[in-house]
Amino acid sequence: MRTITKKPEVLAPGGTLEKLKTAIHYGADAVYIGGEAYGLRSRAGNFDYEEMAEAVAFAHSHGSKIYVAANMVTHEGNEEGAGEFFRTIRDIGIDAVLISDPALMEIAVTDAPGLPIHLSTQASATNYQTLNFWASEGLERVVLAREVSMAEIQEMNEKTDVEIEAFVHGAMCISYSGRCVLSNHMSNRDANRGGCAQSCRWKYGLFDMPLLGQQNPVGAGEEGIEEKFSMSAVDLSMLEHLPDLIESGVDSLKIEGRMKSIHYVSTVVNVYRKAVDAYCADPDHYELKQEWVDELWKVAQRELATGFFYKDPTENEQLFGQRRKIPRYGFIGQVMAYDPETQMATIQQRNNFGVGDEIEFYGPGLRHNILTVEAIWNEHDEAIDRAPNAMMIVKMKVPFVVERFDMIRKKK
(Lines give C-alpha, C1' and ligand atoms only; values in the text may rest on other atoms or scores of the structure.)
Protein backbone atom coordinates (compact mmCIF):
# COMPACT_ATOMS: atom_id res chain seq x y z
CA MET A 1 0.00 0.00 0.00
CA ARG A 2 1.45 3.34 -1.10
CA THR A 3 1.39 6.37 1.18
CA ILE A 4 2.06 9.96 0.18
CA THR A 5 4.52 11.61 2.58
CA LYS A 6 3.96 15.12 1.25
CA LYS A 7 1.13 16.63 -0.72
CA PRO A 8 2.41 19.01 -3.37
CA GLU A 9 1.26 22.59 -3.52
CA VAL A 10 -0.97 23.67 -6.41
CA LEU A 11 0.55 26.98 -7.49
CA ALA A 12 -1.51 29.25 -9.76
CA PRO A 13 -0.87 32.43 -11.75
CA GLY A 14 -2.32 35.70 -10.50
CA GLY A 15 -2.08 38.40 -13.14
CA THR A 16 -4.63 40.62 -11.37
CA LEU A 17 -6.45 40.72 -8.06
CA GLU A 18 -9.49 39.18 -9.73
CA LYS A 19 -7.43 36.31 -11.13
CA LEU A 20 -5.68 35.81 -7.80
CA LYS A 21 -8.95 35.59 -5.87
CA THR A 22 -10.38 33.30 -8.55
CA ALA A 23 -7.38 30.96 -8.30
CA ILE A 24 -7.70 30.72 -4.51
CA HIS A 25 -11.47 30.28 -4.68
CA TYR A 26 -10.96 27.35 -7.05
CA GLY A 27 -8.39 25.64 -4.85
CA ALA A 28 -4.91 27.10 -5.30
CA ASP A 29 -2.58 26.62 -2.32
CA ALA A 30 -0.45 29.52 -3.51
CA VAL A 31 -0.46 32.20 -6.21
CA TYR A 32 2.46 33.96 -7.87
CA ILE A 33 2.13 37.58 -8.93
CA GLY A 34 4.27 40.40 -10.29
CA GLY A 35 5.08 43.77 -8.80
CA GLU A 36 5.40 47.00 -10.73
CA ALA A 37 9.11 46.41 -11.27
CA TYR A 38 11.78 43.67 -11.52
CA GLY A 39 9.50 41.08 -13.17
CA LEU A 40 9.15 39.56 -16.64
CA ARG A 41 5.52 40.33 -17.45
CA SER A 42 5.31 44.07 -18.01
CA ARG A 43 1.94 43.67 -19.76
CA ALA A 44 0.33 41.62 -17.00
CA GLY A 45 -1.87 43.40 -14.47
CA ASN A 46 1.00 43.84 -12.06
CA PHE A 47 0.35 44.68 -8.40
CA ASP A 48 1.13 47.88 -6.55
CA TYR A 49 1.80 47.72 -2.81
CA GLU A 50 -1.82 48.38 -1.84
CA GLU A 51 -3.02 45.56 -4.10
CA MET A 52 -0.33 43.26 -2.72
CA ALA A 53 -1.53 43.95 0.80
CA GLU A 54 -5.09 43.10 -0.23
CA ALA A 55 -3.85 39.96 -1.98
CA VAL A 56 -1.92 38.82 1.09
CA ALA A 57 -4.86 39.45 3.42
CA PHE A 58 -7.22 37.52 1.14
CA ALA A 59 -4.81 34.63 0.57
CA HIS A 60 -3.80 34.22 4.20
CA SER A 61 -7.44 34.31 5.32
CA HIS A 62 -8.00 31.32 3.00
CA GLY A 63 -4.85 29.47 4.04
CA SER A 64 -2.97 30.26 0.80
CA LYS A 65 0.36 31.91 0.08
CA ILE A 66 1.52 34.71 -2.22
CA TYR A 67 4.84 34.75 -4.08
CA VAL A 68 6.19 37.73 -6.05
CA ALA A 69 8.19 37.24 -9.25
CA ALA A 70 11.19 39.57 -9.44
CA ASN A 71 13.06 37.47 -11.97
CA MET A 72 14.36 39.97 -14.51
CA VAL A 73 17.97 40.04 -15.71
CA THR A 74 19.30 43.35 -14.42
CA HIS A 75 21.50 45.65 -16.43
CA GLU A 76 23.30 48.58 -14.82
CA GLY A 77 20.72 50.76 -13.11
CA ASN A 78 17.88 48.26 -13.23
CA GLU A 79 18.50 47.32 -9.61
CA GLU A 80 17.81 50.83 -8.33
CA GLY A 81 15.10 50.83 -5.67
CA ALA A 82 15.19 47.06 -5.27
CA GLY A 83 16.12 47.19 -1.60
CA GLU A 84 13.08 49.29 -0.72
CA PHE A 85 10.91 47.04 -2.92
CA PHE A 86 12.01 43.86 -1.14
CA ARG A 87 11.67 45.41 2.31
CA THR A 88 8.18 46.63 1.51
CA ILE A 89 6.87 43.33 0.18
CA ARG A 90 8.43 41.52 3.14
CA ASP A 91 6.63 43.84 5.55
CA ILE A 92 3.37 43.46 3.61
CA GLY A 93 3.60 39.73 4.30
CA ILE A 94 4.58 38.27 0.93
CA ASP A 95 5.56 34.63 1.52
CA ALA A 96 8.51 34.48 -0.91
CA VAL A 97 10.12 36.26 -3.85
CA LEU A 98 11.27 34.55 -7.06
CA ILE A 99 14.63 35.80 -8.32
CA SER A 100 17.06 34.68 -11.03
CA ASP A 101 19.69 37.44 -10.91
CA PRO A 102 22.33 37.06 -8.12
CA ALA A 103 22.54 40.87 -7.84
CA LEU A 104 18.87 41.06 -6.86
CA MET A 105 19.35 38.11 -4.49
CA GLU A 106 22.16 39.92 -2.73
CA ILE A 107 20.02 43.04 -2.37
CA ALA A 108 17.09 41.00 -1.03
CA VAL A 109 19.27 39.21 1.53
CA THR A 110 20.99 42.40 2.64
CA ASP A 111 18.11 44.86 2.62
CA ALA A 112 15.17 42.57 3.44
CA PRO A 113 16.43 39.84 5.80
CA GLY A 114 13.80 37.25 6.52
CA LEU A 115 12.18 37.42 3.08
CA PRO A 116 12.30 33.85 1.66
CA ILE A 117 13.87 33.55 -1.80
CA HIS A 118 12.94 31.04 -4.48
CA LEU A 119 15.16 30.55 -7.52
CA SER A 120 13.31 31.44 -10.73
CA THR A 121 13.16 29.03 -13.65
CA GLN A 122 15.10 31.69 -15.62
CA ALA A 123 18.23 30.56 -13.76
CA SER A 124 18.18 27.17 -15.56
CA ALA A 125 18.56 24.78 -12.61
CA THR A 126 18.92 21.36 -14.24
CA ASN A 127 20.91 19.17 -11.79
CA TYR A 128 21.12 18.37 -8.09
CA GLN A 129 24.53 20.01 -7.66
CA THR A 130 23.00 23.30 -8.75
CA LEU A 131 20.14 22.83 -6.31
CA ASN A 132 22.57 22.12 -3.49
CA PHE A 133 24.56 25.26 -4.37
CA TRP A 134 21.48 27.46 -4.13
CA ALA A 135 20.43 25.73 -0.92
CA SER A 136 23.84 26.56 0.54
CA GLU A 137 23.21 30.20 -0.40
CA GLY A 138 20.07 30.15 1.75
CA LEU A 139 17.37 29.69 -0.88
CA GLU A 140 14.35 27.68 0.28
CA ARG A 141 13.08 26.54 -3.12
CA VAL A 142 14.24 26.09 -6.70
CA VAL A 143 11.91 26.40 -9.68
CA LEU A 144 13.35 23.91 -12.12
CA ALA A 145 14.24 24.69 -15.71
CA ARG A 146 11.55 23.40 -18.03
CA GLU A 147 14.17 21.30 -19.82
CA VAL A 148 14.50 18.88 -16.87
CA SER A 149 13.38 15.25 -17.24
CA MET A 150 11.39 13.16 -14.77
CA ALA A 151 14.42 10.95 -14.13
CA GLU A 152 16.51 14.02 -13.27
CA ILE A 153 13.85 15.26 -10.85
CA GLN A 154 13.86 11.92 -9.07
CA GLU A 155 17.66 12.10 -8.70
CA MET A 156 17.44 15.69 -7.43
CA ASN A 157 14.92 14.70 -4.79
CA GLU A 158 17.21 11.91 -3.58
CA LYS A 159 20.29 14.13 -3.35
CA THR A 160 19.03 17.49 -2.13
CA ASP A 161 16.80 18.84 0.64
CA VAL A 162 15.79 22.09 -1.07
CA GLU A 163 12.15 22.37 -2.15
CA ILE A 164 11.46 21.65 -5.82
CA GLU A 165 8.92 23.51 -7.92
CA ALA A 166 8.11 22.42 -11.48
CA PHE A 167 5.86 23.75 -14.22
CA VAL A 168 3.06 21.31 -14.99
CA HIS A 169 0.71 23.22 -17.27
CA GLY A 170 0.71 26.14 -19.69
CA ALA A 171 2.74 27.81 -22.40
CA MET A 172 6.31 26.69 -23.02
CA CYS A 173 8.94 29.24 -24.04
CA ILE A 174 10.85 27.99 -27.08
CA SER A 175 14.15 29.33 -25.73
CA TYR A 176 16.22 27.73 -23.00
CA SER A 177 14.52 28.55 -19.70
CA GLY A 178 12.91 31.58 -21.28
CA ARG A 179 16.14 33.42 -22.01
CA CYS A 180 15.29 34.67 -25.48
CA VAL A 181 16.41 37.61 -27.64
CA LEU A 182 13.97 37.17 -30.54
CA SER A 183 11.76 39.90 -29.09
CA ASN A 184 14.76 42.21 -28.69
CA HIS A 185 15.67 41.73 -32.35
CA MET A 186 12.18 41.78 -33.86
CA SER A 187 10.51 44.53 -31.84
CA ASN A 188 13.22 46.15 -29.70
CA ARG A 189 11.51 44.84 -26.54
CA ASP A 190 13.76 43.07 -24.05
CA ALA A 191 12.20 39.73 -23.09
CA ASN A 192 14.55 39.37 -20.14
CA ARG A 193 13.53 42.70 -18.68
CA GLY A 194 9.78 42.22 -18.97
CA GLY A 195 9.00 43.23 -22.54
CA CYS A 196 8.60 39.97 -24.49
CA ALA A 197 6.59 40.49 -27.69
CA GLN A 198 6.20 36.70 -28.13
CA SER A 199 7.91 36.84 -31.52
CA CYS A 200 8.19 33.05 -31.59
CA ARG A 201 4.40 32.84 -31.95
CA TRP A 202 4.20 35.11 -34.98
CA LYS A 203 3.42 33.41 -38.28
CA TYR A 204 6.40 33.24 -40.63
CA GLY A 205 6.75 32.47 -44.31
CA LEU A 206 9.62 30.38 -45.72
CA PHE A 207 11.51 31.70 -48.76
CA ASP A 208 14.29 30.49 -51.02
CA MET A 209 16.68 33.32 -52.01
CA PRO A 210 18.87 32.10 -54.89
CA LEU A 211 19.84 35.68 -55.79
CA LEU A 212 20.17 38.84 -53.73
CA GLY A 213 16.78 40.45 -53.45
CA GLN A 214 14.95 37.51 -55.01
CA GLN A 215 12.39 35.74 -52.82
CA ASN A 216 10.74 32.53 -53.98
CA PRO A 217 8.12 31.35 -51.52
CA VAL A 218 8.63 27.75 -50.51
CA GLY A 219 5.29 25.99 -50.78
CA ALA A 220 4.17 27.19 -54.17
CA GLY A 221 4.29 23.66 -55.55
CA GLU A 222 2.19 20.62 -54.74
CA GLU A 223 4.59 19.28 -52.12
CA GLY A 224 5.65 22.58 -50.64
CA ILE A 225 4.86 24.11 -47.26
CA GLU A 226 1.49 25.78 -47.64
CA GLU A 227 0.94 26.86 -44.04
CA LYS A 228 2.61 29.76 -42.31
CA PHE A 229 4.66 28.45 -39.40
CA SER A 230 5.81 29.66 -36.00
CA MET A 231 8.83 28.89 -33.85
CA SER A 232 6.64 28.23 -30.81
CA ALA A 233 6.08 25.04 -28.84
CA VAL A 234 2.72 23.53 -28.01
CA ASP A 235 1.54 23.90 -24.43
CA LEU A 236 2.57 21.74 -21.49
CA SER A 237 0.11 19.49 -19.66
CA MET A 238 1.10 16.92 -17.05
CA LEU A 239 -2.38 16.11 -15.76
CA GLU A 240 -2.18 12.56 -17.10
CA HIS A 241 1.15 12.01 -15.34
CA LEU A 242 0.50 13.58 -11.93
CA PRO A 243 1.38 10.35 -10.04
CA ASP A 244 4.90 10.44 -11.51
CA LEU A 245 5.37 14.06 -10.45
CA ILE A 246 4.06 13.53 -6.93
CA GLU A 247 6.11 10.38 -6.38
CA SER A 248 9.23 12.07 -7.78
CA GLY A 249 9.09 14.45 -4.81
CA VAL A 250 8.02 17.70 -6.47
CA ASP A 251 6.87 20.11 -3.74
CA SER A 252 5.00 22.59 -5.92
CA LEU A 253 3.06 22.07 -9.16
CA LYS A 254 3.16 25.34 -11.09
CA ILE A 255 0.58 26.49 -13.62
CA GLU A 256 1.68 29.07 -16.19
CA GLY A 257 -0.56 31.93 -17.27
CA ARG A 258 -0.47 35.29 -15.49
CA MET A 259 -1.85 36.89 -18.66
CA LYS A 260 -4.62 34.32 -19.15
CA SER A 261 -8.30 34.85 -18.31
CA ILE A 262 -10.19 33.94 -15.13
CA HIS A 263 -11.92 31.29 -17.28
CA TYR A 264 -8.53 29.66 -17.87
CA VAL A 265 -7.30 30.08 -14.29
CA SER A 266 -10.47 28.75 -12.68
CA THR A 267 -10.68 25.76 -15.01
CA VAL A 268 -7.07 24.62 -14.81
CA VAL A 269 -6.76 25.13 -11.04
CA ASN A 270 -10.06 23.31 -10.55
CA VAL A 271 -8.82 20.26 -12.48
CA TYR A 272 -5.37 20.02 -10.86
CA ARG A 273 -6.85 20.55 -7.39
CA LYS A 274 -9.26 17.68 -7.94
CA ALA A 275 -6.61 15.35 -9.36
CA VAL A 276 -3.99 16.07 -6.68
CA ASP A 277 -6.50 15.59 -3.89
CA ALA A 278 -7.77 12.34 -5.39
CA TYR A 279 -4.30 10.85 -5.82
CA CYS A 280 -2.99 11.86 -2.39
CA ALA A 281 -6.13 10.57 -0.68
CA ASP A 282 -5.86 7.07 -2.17
CA PRO A 283 -2.89 6.50 -4.50
CA ASP A 284 -3.53 2.76 -4.81
CA HIS A 285 -6.98 3.28 -6.28
CA TYR A 286 -6.36 6.53 -8.13
CA GLU A 287 -7.93 6.78 -11.56
CA LEU A 288 -7.46 9.58 -14.06
CA LYS A 289 -10.97 10.66 -15.02
CA GLN A 290 -11.73 11.52 -18.63
CA GLU A 291 -13.90 14.41 -17.46
CA TRP A 292 -10.77 16.07 -16.03
CA VAL A 293 -8.97 15.77 -19.36
CA ASP A 294 -12.03 17.04 -21.24
CA GLU A 295 -12.27 19.98 -18.87
CA LEU A 296 -8.74 21.13 -19.67
CA TRP A 297 -9.50 21.02 -23.38
CA LYS A 298 -12.30 23.52 -22.83
CA VAL A 299 -9.68 26.21 -22.25
CA ALA A 300 -6.87 24.78 -24.41
CA GLN A 301 -5.48 27.31 -26.84
CA ARG A 302 -2.93 24.99 -28.44
CA GLU A 303 -2.08 21.31 -28.59
CA LEU A 304 -0.91 19.78 -25.29
CA ALA A 305 2.23 17.71 -24.67
CA THR A 306 4.57 16.64 -21.85
CA GLY A 307 7.50 18.89 -22.74
CA PHE A 308 10.90 17.47 -21.70
CA PHE A 309 9.65 15.25 -18.89
CA TYR A 310 9.92 11.95 -20.81
CA LYS A 311 11.83 12.75 -24.01
CA ASP A 312 13.26 15.61 -25.99
CA PRO A 313 10.47 17.30 -27.91
CA THR A 314 10.31 16.77 -31.69
CA GLU A 315 8.55 18.53 -34.54
CA ASN A 316 5.36 16.96 -33.19
CA GLU A 317 5.58 19.32 -30.22
CA GLN A 318 6.01 22.38 -32.43
CA LEU A 319 3.06 24.68 -33.08
CA PHE A 320 2.81 23.87 -36.77
CA GLY A 321 0.89 21.63 -39.12
CA GLN A 322 -2.35 19.74 -38.75
CA ARG A 323 -3.88 20.26 -35.33
CA ARG A 324 -6.29 18.20 -33.33
CA LYS A 325 -9.71 19.80 -33.34
CA ILE A 326 -10.12 21.55 -30.03
CA PRO A 327 -13.64 22.17 -28.71
CA ARG A 328 -13.63 25.89 -28.03
CA TYR A 329 -15.70 27.39 -25.24
CA GLY A 330 -16.30 31.03 -24.55
CA PHE A 331 -16.47 32.55 -21.08
CA ILE A 332 -19.78 34.40 -20.86
CA GLY A 333 -20.33 35.32 -17.24
CA GLN A 334 -19.93 34.92 -13.52
CA VAL A 335 -22.55 34.35 -10.83
CA MET A 336 -22.72 37.26 -8.39
CA ALA A 337 -25.66 36.04 -6.28
CA TYR A 338 -28.27 33.28 -6.14
CA ASP A 339 -31.62 33.10 -4.36
CA PRO A 340 -32.56 29.43 -3.80
CA GLU A 341 -36.18 30.31 -3.03
CA THR A 342 -36.87 32.11 -6.30
CA GLN A 343 -34.10 30.24 -8.19
CA MET A 344 -32.95 33.58 -9.60
CA ALA A 345 -29.26 34.05 -10.35
CA THR A 346 -27.66 37.47 -10.69
CA ILE A 347 -24.95 37.31 -13.35
CA GLN A 348 -22.20 39.66 -14.44
CA GLN A 349 -21.95 39.23 -18.20
CA ARG A 350 -18.52 38.91 -19.85
CA ASN A 351 -19.47 37.92 -23.41
CA ASN A 352 -22.64 37.99 -25.50
CA PHE A 353 -25.24 35.34 -24.75
CA GLY A 354 -29.01 35.13 -24.94
CA VAL A 355 -32.27 33.24 -25.02
CA GLY A 356 -31.92 29.86 -26.71
CA ASP A 357 -28.22 29.42 -25.92
CA GLU A 358 -27.09 26.26 -24.16
CA ILE A 359 -24.77 27.32 -21.35
CA GLU A 360 -22.71 25.53 -18.73
CA PHE A 361 -22.28 26.56 -15.10
CA TYR A 362 -19.23 25.29 -13.21
CA GLY A 363 -17.73 25.84 -9.79
CA PRO A 364 -15.05 24.60 -7.36
CA GLY A 365 -14.89 20.85 -7.00
CA LEU A 366 -15.78 20.48 -10.70
CA ARG A 367 -19.46 21.07 -10.15
CA HIS A 368 -21.17 21.21 -13.57
CA ASN A 369 -24.67 21.90 -14.78
CA ILE A 370 -26.04 22.67 -18.24
CA LEU A 371 -29.21 24.50 -19.18
CA THR A 372 -30.83 26.26 -22.13
CA VAL A 373 -31.53 29.93 -21.48
CA GLU A 374 -35.27 30.55 -21.53
CA ALA A 375 -35.47 34.14 -20.30
CA ILE A 376 -33.20 37.00 -19.20
CA TRP A 377 -33.97 40.20 -17.31
CA ASN A 378 -31.76 43.28 -17.10
CA GLU A 379 -31.01 45.15 -13.89
CA HIS A 380 -34.28 47.09 -14.28
CA ASP A 381 -36.21 43.78 -14.37
CA GLU A 382 -37.02 44.26 -18.05
CA ALA A 383 -37.15 41.12 -20.20
CA ILE A 384 -34.42 41.06 -22.87
CA ASP A 385 -33.45 38.54 -25.55
CA ARG A 386 -29.71 38.91 -25.24
CA ALA A 387 -27.04 40.29 -22.92
CA PRO A 388 -24.77 42.06 -25.43
CA ASN A 389 -22.94 44.64 -23.31
CA ALA A 390 -19.74 43.77 -21.47
CA MET A 391 -20.02 43.60 -17.67
CA MET A 392 -23.79 44.23 -17.68
CA ILE A 393 -25.78 42.75 -14.80
CA VAL A 394 -28.60 40.39 -15.73
CA LYS A 395 -30.87 37.93 -13.98
CA MET A 396 -32.08 34.54 -15.07
CA LYS A 397 -33.83 31.54 -13.57
CA VAL A 398 -31.50 28.64 -12.74
CA PRO A 399 -33.26 25.45 -11.57
CA PHE A 400 -30.24 24.15 -9.68
CA VAL A 401 -28.14 25.66 -6.92
CA VAL A 402 -25.23 27.82 -8.02
CA GLU A 403 -22.87 29.86 -5.87
CA ARG A 404 -21.26 33.28 -5.97
CA PHE A 405 -18.21 33.24 -8.28
CA ASP A 406 -19.39 30.19 -10.23
CA MET A 407 -18.43 30.63 -13.89
CA ILE A 408 -20.56 30.31 -17.01
CA ARG A 409 -19.37 29.24 -20.46
CA LYS A 410 -20.87 28.18 -23.76
CA LYS A 411 -19.51 26.29 -26.74
CA LYS A 412 -18.58 28.59 -29.59
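**Two helices in contact**

Tutor: This is a predicted model. Start with helix 3 (residues 82–92) and helix 4 (residues 102–111). Their axes come within 9 Å and cross at roughly 55°. Two packed helices are described by just such a pair of values, the angle between their axes and the distance between the axes. Angles under 35 degrees count as roughly parallel, and 65 to 115 as roughly perpendicular. Helix 3 and helix 4 are therefore oblique to each other. The crossing has a hand too: helix 3 passes helix 4 in a right-handed way.

Now look at the side of each helix that takes part. Helix 3 brings Ala82, Gly83, Phe86, Arg87 and Arg90. Helix 4 meets them with Leu104, Ile107, Ala108 and Asp111. Sort the residues of this contact by type, and you get five nonpolar, three charged and one polar.

Helix 1 (residues 17–25) and helix 9 (residues 262–281) pack with their axes 9 Å apart, at an angle of about 20°. That makes helix 1 roughly parallel to helix 9. This crossing is right-handed. Glu18, Lys19, Thr22 and Ala23 of helix 1 make the contact with Ile262, Val265, Ser266 and Val269 of helix 9. By type, the residues of this contact are four nonpolar, two polar and two charged.

Definitions and conventions:
Residues are numbered from 1 along each chain as its sequence is written. This is a predicted model: local features need pLDDT of at least 70, side-chain atom pairs count only at pLDDT 80 or more; totals for chains, interfaces and linings use all residues. Side-chain values use heavy atoms; hydrogens and water are left out. Axes are lines fitted to C-alpha atoms, for helices over the stretch in contact, and angles run from 0 to 180 degrees between N-to-C directions. Helices (H or I, at least four residues) and strands (E, at least two) are DSSP runs, numbered from the N terminus. Angles under 35 degrees count as roughly parallel, over 145 as roughly antiparallel, 65 to 115 as roughly perpendicular and the rest as oblique. A crossing is left-handed if the near helix is turned anticlockwise from the far one by less than a right angle, and right-handed if clockwise. Contact means heavy atoms within 4.5 Å. Ala, Val, Leu, Ile, Met, Phe, Trp, Tyr, Cys and Pro count as nonpolar, Asp, Glu, Lys and Arg as charged, and the others, Gly among them, as polar.
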